[in-house]
Amino acid sequence: MSSHPVHADWSLLHNRFYRKLEVYSMQWRELDLSKFTVAAAPFGGPIALVRNDRKLLKAKTFMSRSVQLFSSAGKLIHQFEWEKGHIVGMGWTETEHLVCILESGVARLYDLQGDFVQFSLGEDAKEFGILDCRIWETGLVVLTGNLKLWTVTDFLDPRPRALSDPGLTQECPWCIIPPQQTLSGHLEVLLAMNGSVVLVDATSAQDQMVQNGPFTALSISPNGKFLALFTAEGKLWVVSSDFQKNLAEFSTNSPEPPLQMSWCGTDSVILHWENIILVVGPFGDWIKYTIEGSAHLVTEIDGVRIITNDACMFLQRVPAPTEDVFKIGSTSAGAILYDAWDHFGKKSPRAEENIRNISGELAIAVDVCLEAAAHEFDQNRQTTLLKAASFGKGFLDTYDSEKFVRMCQTIRIMNAMRDHEIGIPLTFTQYLRLTPEVLVNRLVNRNHHYIAIKICDYLKLSKERALVHWACSKIKKPSGDYDSVYRAIVDRLSAEKTTVSFAEIAKTAYQYGHIRLAADLLDHEVKAAYQVPLLMSMERVEQDDRALVKAIESGDTDLVYAVILHIKRKHPIAEFFRLLRGKPLALSLVESYAKQQDILLLKDFYTQDDRRTECANVMLSDSFEQTIFASRISKLKETIRLYQEDKERGFEARAIEDQLKLLQAQQALERDLGHRFFDLSISETIYRCLMVGQPHRAAKLKSDFKVPEKRFTWLKARSLVEQKNWDLLDKFAKANAKTFSLGSIVELLIKAREYGQARMYAEQLVNSKTPQGIQEGNTYLSQLPK
């Protein structure tokens with residue numbers, strides 16, 4: 001056991017103990033935080049530094065500006081030059097992307113490798129600039145130069161929206177309550193103005209009628225339930241965020257507001273002045289710490305991270321299990337078990353006595369020692385606590401050993417994270433909130449692929465994300481030629497028992513100009529739905545051919561159609577059919593698609609395949625879609641030519657020649673007579689000629705197209721009935737009595753509803769005195785109205 005008492009570094013705040021641990025001695029050298037704008041991510045996240053140009057301006061010194069990203073241990077992760085204008089503020093998203101708000105009204109999101117996306121914060125921000133900003137895990141709020149508030153609530157959909165106008169006349173202290181921490185589920189902004197606090201959301205600005213103002217600083221607790229306010233008189237006032245409860249009031253006797261006001265978890269408020277950090281508890285008790293040089297406070301869910309020029313420290317309320325075990329005079333079961341293990345090591349009989357004393361609470365004591373070990377940063381103390389827990393577990397008949405194993409795994413992972421090379425000083429509480437999956441993603445984003453994959457193996461998590469990111473990193477920063485990079489990636493991923501998608505890796509290779517590498521990597525992708533889209537995006541014919549082959553092999557007709565249509569849009573028709581050649585499924589799908597959607601494509605399809613008859617059928621069908629003579633005549637001529645090339649299609653060729661001859665005759669009739677003849681049959685064409693008084697033209701058509709005499713006679717009778725030319729009809733009936741029956745005339749008259757004329761001809765049939773004539777005449781007379 002350590003000779004240094006654990007509780008020696010504890011400080012009492014009313015009835016609660018606090019401890020300040022030095023986690024790291026910073027790896028950066030000769031760095032003065034007072035000259036920088038600092039933004040540190042929670043959960044032991046990275047630290048962003050950029051030189052504060054306005055402070056430098058006052059100092060009349062010149063230094064080049066760059067944004068530097070460090071781990072919590074002060075190890076440089078990445079840096080990039082900054083020449084984009086003044087940065088109003090910085091913050092971190094939940095995925096550890098750095099958000100930089102520019103005075104010009106633009107927001108940029110950087111990953112840990114320096115790649116970024118940017119978006120505008122609206123017209124007001126562009127016109128009037130940005131004065132101030134607040135950033136939370138998924139969004140931001142900015143105060144524009146015209147003193148209006150604008151918000152982006154989702155970085156994945158960065159659409160600026162105006163908040164209600166609070167009526168500001170000058171800048172003031174303010175803070176935000178993120179949507180996930182408000183009762184309404186909407187963003188709320190608190191502004192210290194006019195001696196009170198105004199709550200602003202998207203629809204209203206409400207004065208909370210607070211009497212203790214004016215206020216010079218505001219800070220919301222990590223859970224959004226409490227609000228700390230610092231008054232102009234030097235008093236700290238803590239209330240519930242709905243202003244219904246007054247929780248604490250403390251006078252600092254300081255005429256100067258703190259440089260930074262933060263929270264230590266949700267238990268106490270931290271006030272930072274130059275060289276001083278003051279911890280104020282809920283009952284007005286306080287602890288004072290001396291800090292040399294500049295410092296930056298980072299609120300965590302269970303404490304506060306203190307970053308100085310030389311060290312990274314963690315200030316927290318002593319966790320309950322740790323206090324149970326190590327508090328002076330503690331008689332808890334955990335403390336007695338820990339003492340029993342100490343005596344067992346000394347071979348003292350008191351070890352057995354202690355175990356007997358807590359026999360009824362031994363399981364609880366084991367759990368307390370396990371949790372105390374998890375809350376410790378000192379690895380020797382962790383080991384001792386775990387041994388004590390294991391010692392107590394040996395006296396229990398039933399205890400969940402998996403709990404002990406899981407806790408050992410967790411402690412081992414946290415210790416690995418706290419290593420200087422990794423620099424993520426997670427506490428047990430933070431680890432549980434963050435989850436191992438998120439932790440693995442953060443390691444991957446920092447290019448700590450080895451430890452990320454080991455954790456996945458250790459906890460039996462999917463390591464595909466880590467492996468894919470590792471492969472992409474090798475492509476972005478290759479350490480050898482094409483063959484070595486390709487072989488390293490394929491060998492490593494092929495060795496995995498689970499299938500790893502190569503699609504994202506190939507996409508990265510393509511984006512970085514390694515087209516051959518991308519195509520070769522895609523050959524290892526097992527899902528065609530992932531292969532094909534990327535192959536189609538490559539601007540090369542051979543990749544389109546490969547995409548079509550992969551789509552056909554997948555058996556997914558929708559995917560094949562997608563590739564076919566892509567190739568059709570991208571390539572000339574000859575190249576299109578060349579790529580389809582030798583692929584029966586693709587050709588069949590093209591034919592099916594063209595029949596329903598694209599007649600011209602169908603014609604080209606049959607033409608290139610030398611299928612003249614099918615092509616002629618398409619041309620014939622297409623010709624009847626034409627609505628003007630010239631187009632239809634042209635199509636029919638082409639159809640005749642195609643049919644004539646096939647000796648077995650002589651009948652079709654002759655039939656279409658007759659149709660073409662009729663169409664040309666109709667064209668001449670329209671031109672000469674000024675009446676519509678287009679699209680009429682030969683019978684209708686003759687009938688139309690008779691109706692417009694062109695019997696000679698009708699007779700010529702009869703002769704040219706060999707229309708039977710009986711049909712021609714019927715058409716003449718029909719035209720006379722339609723014209724109601726009864727005299728000519730009577731002469732026609734007498735002149736054609738042998739070839740055209742009176743019954744046919746009666747039928748035409750009945751159809752035309754000329755019942756009087758029909759009766760006259762029906763009576764003629766009755767008077768014919770032939771049995772057939774009498775029967776027909778009586779039948780027709782019975783059909784006529786009385």
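The lining of the largest cavity divides into 6 nonpolar, 2 polar and 2 charged residues, where Ala, Val, Leu, Ile, Met, Phe, Trp, Tyr, Cys and Pro count as nonpolar, Asp, Glu, Lys and Arg as charged, and the others, Gly among them, as polar. The model is predicted, so local features need pLDDT of at least 70 and side-chain atom pairs count only at pLDDT 80 or more, while totals for chains, interfaces and linings use all residues. Residues are numbered from 1 along each chain as its sequence is written, and side-chain values use heavy atoms, with hydrogens and water left out.

The lining consists of V23, G44, E300, R305, C312, M313, F314, F377, P425 and Q430. Its largest share, 3 residues, comes from strand β29 (residues 311–317).

The axes of helices α14 and α16 come within 10 Å and cross at roughly 10 degrees. The two helices are therefore roughly parallel (angles under 35 degrees). Their contact (heavy atoms within 4.5 Å) is made by the residues tabulated below.

| Helix | Range | Contact residues |
|---|---|---|
| α14 | residues 503–511 | A503, A506, K507, Y510 |
| α16 | residues 528–537 | Y530, L534, S537 |

By class, this contact has 5 nonpolar, 1 polar and 1 charged residues.

D520 is found in helix α15 (residues 515–522). At 18% relative accessibility, D520 counts as buried (under 20% relative accessible area, with a 1.4 Å probe and protein chains only). Leaving aside residues up to four places away in sequence, D520 touches Y482, Y486 and R546.

Key:
Helices (H or I, at least four residues) and strands (E, at least two) are DSSP runs, numbered from the N terminus. Buried means under 20% relative accessible area, exposed over 50%, partly exposed in between (1.4 Å probe, protein chains only). On a 1 Å grid over the protein atoms alone, a cavity is a set of points where a 1.4 Å probe fits but cannot get out, and a pocket is an open set with protein on both sides within 12 Å along at least five of seven lines; lining residues have an atom within 4 Å of a point. Axes are lines fitted to C-alpha atoms, for helices over the stretch in contact, and angles run from 0 to 180 degrees between N-to-C directions. Angles under 35 degrees count as roughly parallel, over 145 as roughly antiparallel, 65 to 115 as roughly perpendicular and the rest as oblique.
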